[in-house]
Amino acid sequence: MNRYSKIVALGLTLVAGAALAGPADNSLVVGASQEPRVLAGDFLNVISNQSIKVEIENYLFAPLIVQNLRAENEAVLATEVPTLANRRLRVTDIGGGKRRLEIDITLKPNLRWSDGDPLDTDDFAFYFEVGKAKGMALNNPDYWERVNLRVRDKQNMTVIFEPAYYYDTYGSPMGYAPVHKMGPEWEKVKAAAAPLNPDRDAQRLNELYRNFFQQFSSNQAINAGRMVYSGPFRVQRWVSNSSIELVRNPNFNAITPQGGANNYVQRVIYRIIQNTNSLLVAILGGGIDATSTVGISADQARSKQLTSRAAGRFDIWAIPGAIWEHIDINKFTNVQRVRDLTLDDKRTRQALLHAINRDAWVQAFFDGAEPVSHTWVAPSNPLFNPNVKKYEYNPARARELLAQVGWRPGPDGILQRTVDGRTVRFELDWVTTAGNAIRARTQQLFIEQWRQVGIAVKTANAPSAVVFADDFIQRAEEGKWVFFMFAWVSSLAEDGNLFQFKNLNTGAQLVPSKENNYAGQNIGNWRNDEFDRLTSQGVLEFDEARRKQLFARAQEIWAEELPALPLRFRSNFLVVRSGLVNYVASTYSGGNGYPGWNAWEIGWASRGAAKRHDQAQAGGIAIK
Amino acid sequence: MIPLLFAASVVIFTLLALQPGDPLDELRQQNPRITAEQLEQLRRAYGLDQPIYVRYFKWLGRALQGDFGQSRTYASPAGQIIFGQRLPRTLVLSGAALTLALLVAIPVGIFSAVRQYSRADYVITFFSFVGFSMPIFFLGILLLFLFAVWLPEQIPWFPKFPVQSISDFQWSQVQSGEITFLQFIGDWAFKLVLPVLALSTIQMAAWTRYMRASLLEVLNQDYVRTARAKGLGERVVLYKHALRNALIPIVTLVGLAIPGVFGGAVITETIFSYPGMGRAIFDSLVEKDYNVAMAALAFLALLTATFNLLADLMYAVVDPRIRYS
């Protein structure tokens with residue numbers, strides 16, 4: 001081949017590269033705006049718990065039990081879902097209001113890792129041993145404090161929780177890791193860690209453990225083939241800052257999709273384009289088949305450039321997520337400003353919510369693709385109660401409620417009242433994270449609407465690092481903030497912690513104050529003993545119907561008392577090329593709402609993939 | 001210079017440590033069940049419980065031996081990320097952009113000066129101003145949209161430019177014979193076209209204007225008139241007498257731009273998904289990945305100090321009137 005023909009061949013390869021993607025070679029190119037720091041070997045998420053890492057690992061590791069689009073358990077590596085009815089779930093009272101849960105798991109026969117080695121209970125025991133190692137810097141220490149494992153044989157084991165909560169029955173109760181690959185190295189780490197003291201040598205222990213995970217999860221380790229996989233895909237190549245290529249794992253036999261695995265995508269390429277505008281251009285250019293959860297923004301998904309080119313090429317979906325945007329209100333009565341503004345009176349809070357038009361807001365800002373919230377519980381959560389008190393846009397009602405509290409319009413229209421001989425004007429300082437365009441625009445809109453009822457609101461925004469630092473967000477008691485807009489993640493494993501004054505099961509006080517070293521998430525200081533009782537009881541209730549009743553009542557109380565102003569649930573936006581089936585997500589699919597929870601059945605209809613799931617039926621809102 | 005670098009590293013380290021919040025804030029946001037005691041344990045595990053000066057001297061001790069610590073976000077040694085990955089890539093991108101800018105700006109500037117007030121001069125002046133005033137985030141996206149979407153949509157044979165500027169090809173694939181060297185270089189070069197073009201535009205436009213102005217000023221000097229009066233050819237007058245003097249301010253400008261080549265170009269790197277120094281510094285500051293930020297910023301401090309020293313020494317070489325004693 002002479003020089004010119006080589007150049008022509010190269011040019012053709014580059015041009016053809018884009019055309020070959022998708023159904024033509026049964027591959028899937030996913031566009032993501034984030035790169036995982038590590039993959040696979042960091043099985044306890046000690047180095048990283050990024051969303052993109054968890055999403056890609058959906059393809060690489062099959063769970064024991066997966067949570068489907070309706071957040072229901074479906075068996076993958078386990079033979080069946082443990083239930084009270086099949087006696088694989090056993091709940092016993094152990095006194096002191098505590099319960100113990102035993103979950104019997106049987107693994108499907110002949111499970112294998114991608115290198116052909118058997119996958120059995122030894123791999124679960126290994127995971128458990130590493131998680132229980134002294135001084136392990138875990139992200140979910142409360143799980144590890146309560147869990148235990150009893151291996152019965154190579155296929156059978158019992159996972160025990162003590163004390164147990166209902167959400168321990170959600171998804172996989174235990175993870176696993178390849179002991180045949182990682183075990184020998186772990187033995188060395190254990191020997192090195194033996195003389196160390198978790199309090200005195202915490203940093204040294206952490207370095208030891210991180211090095212261990214890194215040896216099986218870094219870019220170099222993955223490319224050197226140091227890791228094995230159990231899911232429908234394995235990593236072929238990871239080009240740092242560019243792409244991660246996964247290919248079908250022939251040893252995955254836990255689930256065979258309809259018509260056989262060959263009818264489904266054989267190669268998945270995660271293309272990493274950090275700038276979301278550039279990612280949008282890549283989608284428009286046709287180089288991307290679908291976007292990751294960590295992909296484009298709401299504005300970009302609804303941009304004219306995309307929607308005008310979508311017909312017949314792409315479906316654009318808004319998937320309501322678990323991130324709950326709200327305004328927390330300071331209710332510490334020791335704070336003068338709180339008393340002055342009557343923020344500790346529920347009528348004031350109700351008036352604040354009646355005065356803003358949230359329906360028009362989500363319509364104008366998000367084309368209705370992000371739903372208004374009425375409590376902190378996401379509508380996809382099985383515990384969600386749709387029949388709570390709702391606060392429609394009603395400025396007249398807002399004025400009436402404020403008048404009941406004692407507010408009267410002042411000469412300039414701003415409400416005022418007299419407190420101990422002083423005239424107090426209704427002026428609020430509203431804090432949120434600076435630099436967030438949607439929040440800033442929201443402030444402009446709501447400030448105008450509150451002004452209509454006589455409330456003057458000023459913004460006092462600061463960078464995330466400032467407002468989320470312990471000495472700010474946790475210090476409402478010191479009056480650091482009175483009105484604070486931010487987001488919490490509304491967990492599927494709902495336990496009421498965000499608004500409990502006291503957890504009656506653990507005794508922990510959840511309002512940050514000097515006494516508890518400013519711990520806890522009830523940052524605005526709301527106290528409702530019935531709410532505490534219902535939610536504390538609810539987490540111990542393994543009967544779903546009874547649990548629903550308890551949480552339904554808790555939500556009613558919350559909506560009546562309104563400790564915070566519920567605004568909306570953010571959506572995740574997915575762009576999916578026409579013809580790609582089962583690339584679907586819901587608020588809690590796979591436990592966290594990412595696509596790829598059913599990686600084995602993602603495919604192109606034109607290549608014979610059978611469509612099992614419909615995004616619209618799973619709560620997806622189509623963007624046109 | 002050593003006390004200066006020591007002082008700079010103290011200031012950088014202190015400023016980083018004084019940033020509000022710490023790397024665990026994000027974790028607390030994500031996991032409402034995490035308790036204060038558990039956070040304290042994590043803080044101890046990451047060494048965040050120690051006073052700033054203890055952390056600084058630990059860092060200094062290791063850095064002097066070439067160990068910049070581990071990156072928390074990249075899970076690799078910070079020195080390897082900065083000096084092994086990011087710096088070479090930044091040098092390729094910024095070096096190529098600088099070279100392109102020079103190769104275009106100098107001849108175009110000369111042309112524009114020589115043909116002052118001609119139609120071509122007006123066109124060049126117009127585009128120089130456009131290029132100079134175009135924000136790079138806009139120009140970058142515009143180039144991407146044009147070359148990756150719009151032109152390929154309009155013209156079927158037009159090559160579709162990639163949005164990603166990093167090649168999927170790796171050197172190991174050339175070594176194993178999977179791809180040829182030509183394919184490897186070709187793919188890298190093809191993907192660098194747009195970012196190099198975007199990054200060079202502003203400098204190209206600015207230097208064209210400087211070159212034009214500088215040459216025009218020289219062309220009006222007495223010695224140029226004398227050269228012409230001596231009956232020298234226009235080419236000799238221009239290239240031998242005028243241009244050499246006109247280039248002096250340009251050389252100064254280029255010299256000033258060189259440290260910037262090492263620092264990276266955060267906006268261009270972001271738009272074109274190019275992992276260089278700019279993004280490494282920006283991301284490490286946002287993610288509070290102190291080891292990476294320290295390695296990069298300390299390196300830039302070293303470079304700045306070194307280039308200042310070199311510049312001082314160069315003055316003596318260039319201008320015989322300057323002597324150091």
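What share of the contacts in chain B with a separation of 6 or more is accounted for by residues 24 or more positions apart? The share is 70%, where two residues are in contact if their C-beta atoms, placed from the backbone, lie within 7 Å. In chain A, residues 24 or more positions apart account for 71% of the contacts with a separation of 6 or more.

This is a predicted model, in which local features need pLDDT of at least 70 and side-chain atom pairs count only at pLDDT 80 or more, while totals for chains, interfaces and linings use all residues. Residues are numbered from 1 along each chain as its sequence is written, and chains are lettered from A and ligands numbered from 1 in the order in which they are written.

## The two chains

Helices (H or I, at least four residues) and strands (E, at least two) are DSSP runs, numbered from the N terminus. The radius of gyration is taken over C-alpha atoms, and the globule rule is 2.2 Å times the number of residues to the power 0.38. A residue is buried if 20 or more other C-beta atoms lie within 10 Å of its own, exposed if 12 or fewer, and partly exposed in between, with C-beta atoms placed from the backbone.

| Chain | Secondary structure | C-alpha spans along principal axes | Buried residues |
|---|---|---|---|
| Chain A | 19 helices and 22 strands | about 90 × 65 × 50 Å | 48% of 624 residues |
| Chain B | 14 helices and zero strands | about 85 × 70 × 40 Å | 35% of 325 residues |

Chain A has 19 helices and 22 strands. Its radius of gyration is 26 Å, close to the 25 Å from the globule rule for 624 residues, so chain A is as compact as a globular protein of that length. For chain B the radius of gyration is 25 Å, whereas a compact globule of 325 residues would have one near 20 Å.

## Domains of chain A

An automatic or database domain assignment supplies the domain bounds. Chain A is divided into domain 1 (75-209) and domain 2 (322-569). Their C-alpha centres lie 38 Å apart, and nine residues of domain 1 of chain A are in contact with nine residues of domain 2 of chain A.

## Nonpolar cores

A nonpolar core is a set of buried Ala, Val, Leu, Ile, Met, Phe, Trp, Tyr and Cys residues joined through C-beta atoms within 7 Å. The largest has 178 residues, and those with the most contacts inside it are Tyr127(A), Val268(A), Ala290(A), Val575(A), Met294(B) and Ala296(B). Helix α9(B) gives the largest share of this core, 13 residues. Domain 1 (75-209) and domain 2 (322-569) of chain A both contribute residues to this core, so it lies between them. Apart from it lies another core, of 61 residues, including Phe446(A), Ala487(A), Trp526(A) and Trp558(A).

Leaving aside neighbours within four places in sequence, the contacts of Ala290(A) include Leu28(A), Val30(A), Leu574(A) and Val575(A).

Among the buried residues of α6(A) are Leu205(A), Tyr209(A), Phe212(A) and Phe213(A).

## Where the chains meet

In all, 46 residues of chain A are in contact with 47 residues of chain B. Elements that each supply at least two residues of the side of chain A that touches chain B include α1 (3-20), α6 (202-214) and β10 (267-272). The largest share of that side, six residues, comes from α1(A).

## Backbone details

Glu162(A) and Pro163(A) are joined by a cis peptide bond with omega of about -10°. Pro163(A) is found in the loop between β7 (156-161) and α5 (179-193) of chain A.

Ala40(A), a residue other than glycine, has a positive phi near 70°. Its place is in the loop between β1 (27-32) and α2 (51-60) of chain A, and Ala40(A) counts as buried because 27 C-beta neighbours lie inside 10 Å.

Ser273(B) has a positive phi near 50° and lies in the loop between α12 (266-271) and α13 (277-286) of chain B. With 26 C-beta neighbours inside 10 Å, Ser273(B) counts as buried.
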